[in-house]
Amino acid sequence: MAISDNLKRGTIEISVLSLLKQKDMYGYEISQELSNQSKGLYTIQETSLYPSLYRLLEKGYISDRTEKVGKRRTRVYYHLEPAGEVYLDGLRKEYLSTNRGVLYLLGINSLEEMENE
């Protein structure tokens with residue numbers, strides 16, 4: 001398994017919850033928005049996304065609803081619940097603190113330095 005795969009796995013929940021804070025989305029839309037909003041630097045296959053969505057559903061951080069699309073197709077939309085917002089806030093603080101520490105360890109002290117890497 002590549003290093004980037006492990007890093008992505010550790011950030012999937014915060015990424016998904018951040019997107020759902022913007023609006024309700026369905027699985028494919030979430031994977032597309034992850035790529036679009038990260039300027040292509042963060043991509044994930046839908047097959048890797050769904051286990052995280054199911055865990056978030058089980059924990060009550062998100063809910064789902066099914067909508068009919070066309071005559072026969074349905075689409076499952078995911079919605080961020082209030083408990084998910086609280087969880088996201090905690091994840092965000094922890095992530096930013098950890099990320100800052102790792103950047104210091106790498107000798108990167110500012111965003112400007114990071115962009116020049």
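Reader: Before we get to volumes, what makes a set of grid points a pocket and not a cavity?

Author: Happy to start there. A cavity is a set of points where a 1.4 Å probe fits but cannot get out, whereas a pocket is an open set with protein on both sides within 12 Å along at least five of seven lines. In this predicted model, the second largest pocket holds about 400 Å³ of space.

Reader: What makes a residue part of the lining of that pocket?

Author: An atom within 4 Å of a point is what counts. For the second largest pocket, 15 residues line the space, and Thr-11, Ile-14, Ser-15, Ser-18 and Tyr-95 lie nearest its centre.

Reader: Which helices supply at least two residues of that lining?

Author: They are α1 (3-22), α2 (27-37) and α4 (82-105). Helix α1 gives the largest share, six residues.

Reader: How do you know the class make-up of the lining?

Author: Each residue is sorted by type: Ile and Tyr, for example, count as nonpolar, so Ile-14 and Tyr-95 fall in that class. The lining comes to seven nonpolar, six polar and two charged residues.

Reader: And the chain as a whole, what elements does it have?

Author: Five helices and three strands, in the order α-β-α-α-β-β-α-α from the N terminus on.

Reader: Why are some residues called buried?

Author: Because their relative accessible area is under 20%. Of the 117 residues of the chain, 28% count as buried. The chain exposes about 8300 Å², with carbon and sulfur atoms supplying 51% of it.

Technical notes:
Residues numbered from 1 in each chain as written. Predicted model: local features only at pLDDT ≥ 70, side-chain atom pairs only at ≥ 80, totals over all residues. Heavy atoms only, no water. 1 Å grid on protein atoms, 1.4 Å probe; cavity = no way out; pocket = protein on both sides within 12 Å on 5 of 7 lines; lining within 4 Å. Points joined across faces, edges and corners; volume = space filled by probe spheres on them. Helix = DSSP H or I, 4+ residues; strand = E, 2+ residues; numbered from the N terminus. Buried < 20%, exposed > 50% of the residue type's maximum accessible area, 1.4 Å probe, protein only. Areas by Shrake-Rupley, 256 points an atom, 1.4 Å probe, with all protein chains shown as cover.
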